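Hi,

Here is the structure you asked about.

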Amino acid sequence: MTTAGQIPGTWVELAEMLTAFLPELDPEAAAAVVAAMTPSARGRIRAHLGEHPDALGSGASLAPPAVQRLITDLREQGIKGARAPACVRCGRVRRLRRLVPGGRVCLGCEGILAAHANVGPCTTCTRIRPCPVGDTCTPCRQRAQASTRSCTGCGRPSHMDPCTTCRPRPPAPCALCSASSPVCARWRLGPVCKPCYALARREPGRCPGCSAVKVLIARIGGQRTCGPCAGHSDPYACPRCGVASSPITGDLCDRCAVDHHLNTLLYDLPPGPAAQLAPLREALVAAEHPRTVLTWLRTSASARLLHESAACGRLLTHVDLDTVAGSGRGAAQSTDYLRGLLVACGVLPPRDEHLAAIERHLARTLIRHP
């Protein structure tokens, strides 16, 4: 045991730093903690505490590994004032190794940042995405793995076993409803259950800080805000316009997703059909409820009929739609809906549909009874 006369002044100074911010740590225990450190750890901790006196209790991610180990030891001794640092990217309390602008990140975020640093065209889907392995983006690589694997729980194709649906999720108190449920997402305001996550994505709110309609994933002074207002990134922001992304598509907002679908639908049309369908495109993009339009474009039989008609590369007429309508009752309903939409947008001229229905009925009757 080192006597008081043999204790170096740097040890005493470091022990005073510990007790100055942690009053519950008595001087003898602080001296014992300092004596158990390695010389290099003492130097790093002393230098960091000199620049950041509150590092032991602030939870800041700038803490070097030596300070992280010190905080862990203090918490094991029951010092409640010591607070473990959280990852600057995901906010989880883990071992932090890599120093990035703004703080340190955990091992998982290290891989994500490394993947995001390698951005380019994917060799499979040709989209500009992070391509960490073989110049192939993660979704394409996972789809390729899922084609040869399956989940042992549900039997569905999956790149991991168990799949994300069957994988057990430990319950935790939801930061929004306080119910103890499996965690669906970990936001800056805390863990969020699946119902609260779906509601927040489906109905984004207006941020009190910037007045923008976004997914409120952070909290300032007890009030929910968006990520940028709290100093964090917004993973649910549309890359085109910056508003909340759509829960249906995941990347773009509802209106930008409608524009993207219409660009795909009407891609490479001849000048004539492109000019004919231009009023329809403008009306759909400017619709009051773009999510309804997006759902119609993705799931409706009449939207598929529009896609097939546009793919023919010729001007649409009532006669073309009458030909499709005669193939069955479901086709007639889809055709009538599409015809009404085209007439309302000015793509097709209006006509007396009752008279047209009588003419079609008479034509079918003459065919059956010449």
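Leaving aside its neighbours within four places in sequence, which residues is Cys 256 in contact with? Before I get to that, a word on the model. This is a predicted model, in which local features need pLDDT of at least 70 and side-chain atom pairs count only at pLDDT 80 or more, while totals for chains, interfaces and linings use all residues. Residues are numbered from 1 along each chain as its sequence is written, and side-chain values use heavy atoms, with hydrogens and water left out.

Back to Cys 256. Its partners, with neighbours up to four places away set aside, are Cys 238, Arg 240 and Cys 241, where contact means heavy atoms within 4.5 Å. Cys 256 belongs to helix H9, residues 254-265. Helices (H or I, at least four residues) and strands (E, at least two) are DSSP runs, numbered from the N terminus. The relative accessible area of Cys 256 is 13%, so the residue is buried. On that scale, buried means under 20% relative accessible area, exposed means over 50%, and partly exposed is in between (1.4 Å probe, protein chains only). Cys 256 and Cys 241 are 15 residues apart along the chain, and their C-alpha atoms are separated by 7.9 Å.

That brings me to the cysteines. How many disulfides does a search of the whole structure find? The search comes back with zero, counting as a disulfide a pair of cysteine sulfur atoms within 2.5 Å. Take Cys 125: the closest cysteine sulfur is in Cys 140, and at 3.6 Å that is too far for a bond. Cys 125 is partly exposed, at 22% relative accessibility. Cys 154 is in no disulfide either, and its nearest cysteine sulfur, in Cys 163, is 3.7 Å away. Cys 154 also counts as partly exposed, with 34% relative accessibility.

Next, a helix pair. Helix H3 (residues 39-51) packs on helix H5 (residues 65-76) at an angle of about 95 degrees, and their axes are 8 Å apart. The axes are lines fitted to C-alpha atoms, for helices over the stretch in contact, and angles run from 0 to 180 degrees between N-to-C directions. That makes H3 roughly perpendicular to H5; the cut-offs are under 35 degrees for roughly parallel, over 145 for roughly antiparallel, 65 to 115 for roughly perpendicular, and oblique for the rest. H3 brings Ala 41, Arg 44, Ile 45 and His 48 to the contact, and H5 brings Ala 66, Val 67 and Leu 70.

Pro 85 sits in the loop between H5 and strand S1 (96-100). With a relative accessible area of 5%, Pro 85 is buried. Residues that Pro 85 touches, not counting those up to four places away in sequence, include Gly 59, Ala 60, Gln 68, Ile 71 and Leu 96. The C-alpha atom of Pro 85 is 7.5 Å from that of Ser 58, which is 27 residues away along the chain.

Helix H8 (residues 194-202) has two faces to look at. Cys 196, Tyr 197, Ala 200 and Arg 201 of H8 are buried. Seen down the axis of H8, these buried residues fall within an arc of 130 degrees, so they line one face of the helix; the arc is that of the directions from the helix axis to the C-beta atoms. They pack against strand S6 (180-187), strand S7 (190-193), strand S11 (223-225) and helix H11 (290-299). Turned away from that buried side are the exposed residues Lys 194 and Pro 195.

- The peptide bond from Asp 161 to Pro 162 is cis, with omega near 0 degrees. Pro 162 is in the loop between helix H7 (138-146) and strand S5 (171-173).
- Ser 178 is not a glycine, yet has a positive phi of about 70 degrees. Ser 178 is in the loop between S5 and S6 and is exposed, at 60% relative accessible area.
- Ser 211, also not a glycine, has a positive phi of about 65 degrees. Ser 211 is in the loop between strand S8 (205-206) and strand S9 (213-214) and is partly exposed, at 44%.

Cheers
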